[in-house]
Amino acid sequence: MACSASDLATLLSATVNSTEAATYLCSQLTNVNYAVNNTYLLFSAYLVFAMQLGFAMLCAGSVRAKNTMNIMLTNVLDAAAGGISYYLFGYAFAFGSPSNGFIGRHFFGLNDFPTVDQDYSFFLYQWAFAIAAAGITSGSIAERTQFVAYLIYSSFLTGFVYPVVSHWFWSGDGWGNPAKTDNNLLFGSGAIDFAGSGVVHMVGGIAGLLGALIEGPRIGRFDHNGRSVALRGHSASLVVIGTFMLWFGWYGFNPGSFLTILKSYGGNPVYYGQWSAVGRTAVTTTLAGSTAALTTLFGKRLLSGHWNVIDVCNGLLGGFAAITAGCSVVEPWAAIICGFVAAWVLIGCNKLANILHYDDPLEAAQLHGGCGMWGLLFTGLFAKERYVNEVYSNKPGRPYGLFMGGGGKLLAAQIIEIIVIIGWVSVTMGPLFLGLRKLKLLRISSEDEMAGMDMTRHGGLAYVYHDEDDASGKPSFMMKKVERANDTTPDRKSQAIGV
């Protein structure tokens, strides 16, 4: 919202001291502008942070009961350790402008903060994104990872690996940012990753893939003949609760990435502005997830013969991960295509994982890595010219989606983003996991894994349970029906037949 005292002064010419009155009104309008946009961003940050509860429930339900306390604790520490590391280093590496195109170099420990362009609400919002990436990784290496390894990788990922990628594609100085301040854009367009199909989901998914590959599968995941053995999570109810919490939080994740809402696009109709684009983004997000859920439901029914709620939940989240890159620049009908393909990408990645004996308890690498990759490609194919120029107004007439008549430059930029994310995460997180394994800090012992980490590492079980997949030989607990002893009272059936 632009406000000029000189413009207002002419409207107040009949007023005594019109210039002073205009200056006062402009200052008040500017204050309202900042207040509305910061309130919107804070509310979006709270929604994204609520996704941590969704991650926690999803993870807890997807692991066996004997590891519930462990996976819940790692989710808490993703937020806590990530908060400190992102405050000290991560935010500066990501958004510490002015800087070079590779990494930021200001605002360590939020020094000299806030500024005219960045406020505390922006920091909180970006921190919520950083810990989401770390939460994705924790799912891939669940049920077999030492607790100290979680602390080390989570701090490193949120404090360095993720911030550098977010600097590349979201900072005003980043070399791949489509809103780069100097308009020297990659292929004339930059890579459009509006809310992080690559920056968040691919980073977390690729990191989880590397960790799970270096650790190896859980004991019993594949039999001696190499056949896949399902190690089912203990609570479908928690998985569904977690999925709905994530769905709710995604309305802060995607629409909130506009960062502001009080912005007019300056055309007709006058009621159309950034507030409309925010609503459209929520709609595309909803349609992509819904389509992916239904496609997974019927696809898995054809392949396995079952209506599986866990598969449907994962398919839904895969659709959300895919639409995250292009949610603001595509039509609602295109979001349906995005969700449909994302479901098959997830199904295909899971088939490939079984063939390669890759074990990921939450399908996190397949879901976030595979579907996030498809989301970047989808944006390069279906981004609409009008929406691209509205959302990224710094350079009118830029390239847009290939299938929408915009040429292949945007798609090329999207492919470059995919390649550099895979490369960066591999050269940073790969050596970290290898080093942890070399120091014997990565995987727990086979005895502890069989018994469950809740009992061996966390002082006791999360709750009384019976685990059908527990082959450790340890006593398990199960609620049993209590039969009445020496009950000679005839039952109703006996009474009915006269016995």
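1. Glu215 belongs to helix H6, residues 197-215. The model is a predicted one, and the remarks below should be read with that in mind. Is Glu215 buried or exposed? Its relative accessible area is 9%. The cut-off for buried is under 20%, so Glu215 counts as buried.

2. What does the side chain of Glu215 make a polar contact with? The partner is the side chain of Thr145, at 2.9 Å.

3. A polar contact of 2.7 Å joins its side chain to the side chain of Tyr272. Not counting residues up to four places away in sequence, Glu390 touches Tyr265, Tyr272 and Arg280.

4. Now the overall composition. The chain has 16 helices and 0 strands. It runs to 499 residues, of which 53% count as buried. Take the contacts between residues at least 6 apart in sequence: 73% of them join residues at least 24 apart.

5. Ile418 gives one example of chain segments brought together across sequence. It lies in helix H13, residues 409-438. Its relative accessibility is 8%, so Ile418 counts as buried. Ser197 is 221 residues away along the chain, yet the C-alpha atoms of Ile418 and Ser197 are separated by 9.9 Å. With neighbours within four places in sequence set aside, Ile418 is in contact with Met202, Met373, Leu376 and Leu377.

6. Next, helix packing. Two packed helices are described by the angle between their axes and the distance between the axes. Take helix H9 (residues 309-323) and helix H11 (residues 364-382). Their axes come within 7 Å and cross at roughly 40°. That angle makes H9 oblique to H11. The crossing is right-handed.

7. Which residues make the contact between H9 and H11? From H9 come Asn314, Leu317, Gly318, Ala321, Ala322 and Ile323. From H11 come Leu367, His368, Cys371, Gly372, Trp374, Gly375 and Phe378. This H9 and H11 contact set divides into 8 nonpolar residues, 5 polar and no charged.

8. H9 also packs against helix H10, residues 332-355. The axes of H9 and H10 come within 8 Å and cross at roughly 125°. H9 is therefore oblique to H10. The handedness of the crossing between H9 and H10 is right-handed.

9. The H9 side of the contact with H10 consists of Asn314, Gly315, Gly318, Gly319, Ala322 and Ile323. The H10 side consists of Ala335, Cys338, Ala342 and Leu346. By class, the residues of the contact of H9 with H10 are 6 nonpolar, 4 polar and no charged.

10. Backbone geometry comes next. Most residues other than glycine have a negative phi, and most peptide bonds are trans.

11. What is the peptide bond from Ser97 to Pro98, cis or trans? It is cis, with omega near 0°. Pro98 is in the loop between helix H3 (68-95) and helix H4 (120-140). The bond from Phe113 to Pro114 is also cis, with omega near 5°. Pro114 is placed in the loop between H3 and H4.

12. Asp112 is in the loop between H3 and H4 as well. Its phi is near 60°, a positive value in a residue other than glycine. Is Asp112 buried or exposed? The relative accessible area is 61%. Exposed requires over 50%, so Asp112 is exposed.

13. Asn183 likewise has a positive phi, near 60°, and is not a glycine. This residue is located in the loop between helix H5 (147-170) and H6. At a relative accessible area of 28%, Asn183 is partly exposed.

How values were computed: Residues numbered from 1 in each chain as written. Predicted model: local features only at pLDDT ≥ 70, side-chain atom pairs only at ≥ 80, totals over all residues. Heavy atoms only, no water. Axes fitted to C-alpha atoms, helices over the stretch in contact; angles between N-to-C directions. Helix = DSSP H or I, 4+ residues; strand = E, 2+ residues; numbered from the N terminus. Parallel < 35°, antiparallel > 145°, perpendicular 65-115°, else oblique. Left-handed = near helix turned anticlockwise from the far one by under 90°. Contact = heavy atoms within 4.5 Å. Nonpolar A, V, L, I, M, F, W, Y, C, P; charged D, E, K, R; others polar. Buried < 20%, exposed > 50% of the residue type's maximum accessible area, 1.4 Å probe, protein only. Polar contact = N/O pair within 3.5 Å; in protein donor to acceptor, adjacent residues only side chain to side chain.
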